[in-house]
Amino acid sequence: MPKRIAIIAHDGKKGELVEWARRERERLARHQLVATATTGRTLQEALGLEVACVRSGPQGGDAQIAAMVVEGRIDAVIFLVDPLYAHPHEPDIRTVMRLCNVHNVPLATNLATASMVLRGLEEE
Ligand SMILES: O=C(CO)COP(=O)(O)O
């Protein structure tokens, strides 16, 4: 059964996200994907995946994803944070993570975990 997966990647992580998504394309395509604007566009252009896009992260997209988590509209979040770069919207980034933990929504912050989450969702 299709799940709703949110995908967010900072610029320094988009390259590895695309490589991972290429390997996992078949699995990802079974689900409903939502992403922040640039991440979503990158996945659409590189892989032709169907992705619903919210605003870009710094423009409030992370906050939109966080709200969807609160509303029970997201089954898992893949959030690749670039740990080597300071982000002006750091509070929004922390909000996504905090609310995933408040609402017990699976949150993958690296690709090794993302692969496990993707497989785990199929078993539900
Ligand atoms: O900034 C982001 C997450 O904090 C990601 O936003 P974009 O996907 O629009 O680059």
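**Stop 1: the ligand shell**

Select the ligand and the 13 residues around it; T36, T38, T39, S56 and G57 come nearest. A residue is taken as near a molecule or strand if its C-beta atom, placed from the backbone, lies within 6 Å of it. This is a predicted model, in which local features need pLDDT of at least 70, side-chain atom pairs count only at pLDDT 80 or more, and totals for chains, interfaces and linings use all residues. Residues are numbered from 1 along each chain as its sequence is written.

Colour the shell by class: four residues are nonpolar, eight are polar and one is charged. Here Ala, Val, Leu, Ile, Met, Phe, Trp, Tyr, Cys and Pro count as nonpolar, Asp, Glu, Lys and Arg as charged, and the others, Gly among them, as polar.

Next, highlight α3 (37-47) and α4 (61-70), each of which supplies at least two residues of the shell. The largest share, three residues, comes from α3. Helices (H or I, at least four residues) and strands (E, at least two) are DSSP runs, numbered from the N terminus.

**Stop 2: the recorded binding site**

Select H10, K14, S56, G57 and H89, which UniProt lists under "binding site" in an unreviewed entry. UniProt positions are given in the numbering used here, feature names are shortened, and annotations may be inferred rather than shown by experiment.

Centre the view on S56, in the loop between β3 (51-53) and α4. The term buried requires 20 or more other C-beta atoms within 10 Å of a residue's own, exposed means 12 or fewer, and partly exposed lies in between, with C-beta atoms placed from the backbone. Not counting residues up to four places away in sequence, S56 touches T36, A37, T38 and G61. Two residues are in contact if their C-beta atoms, placed from the backbone, lie within 7 Å.

Move to G57, found in the loop between β3 and α4. G57 counts as buried because it has 27 C-beta neighbours inside 10 Å. Leaving aside neighbours within four places in sequence, G57 is in contact with I8, T36, D62, H89 and D92.

**Stop 3: the sheet**

Display the strands: five of them form an open sheet in the order β3-β2-β1-β4-β5, with parallel pairing. β3 and β5 (107-108) stand at the edges with a single partner strand each, so one side of each is left without a neighbour in the sheet. Two strands pair if DSSP finds at least two bridges between them.

Select β1 (residues 4-9), which is joined to β2 (residues 32-35) by four bridges. Along this pairing, R4 stands opposite Q32, and A6 stands opposite V34. Five of the six residues of β1 are buried, so β1 is largely enclosed by the rest of the structure.

How many bridges join β1 to β4? There are five, and the two strands run parallel; the bridge partner of I8 in β4 is F79. In a regular strand the side chains alternate between the two faces of the sheet. On β4, A76, I78 and L80 lie on one side and V77 and F79 on the other, and all are buried, so that both faces are covered.

**Stop 4: the helices**

Continue from β4 through helix α5 (residues 90-102) to β5: together they make a right-handed β-α-β unit. A crossover is right-handed if, with the strands pointing away from the viewer, the path from the first strand over the helix to the second runs clockwise. Two bridges join β4 to β5, and I78 has A108 as its bridge partner in β5.

Return to α4 and select G61, D62, Q64, I65, A66 and V69, which are buried. The buried residues of α4 pack against β1, α3, β4 and α5. Just after α4, G72 takes a positive phi of about 75°.

**Stop 5: the annotated span**

Finally, select residues 1-124, where the unreviewed UniProt entry places the feature "domain: MGS-like". The end C-alpha atoms of this span lie 8 Å apart, and the span is 52% helix and 16% strand.
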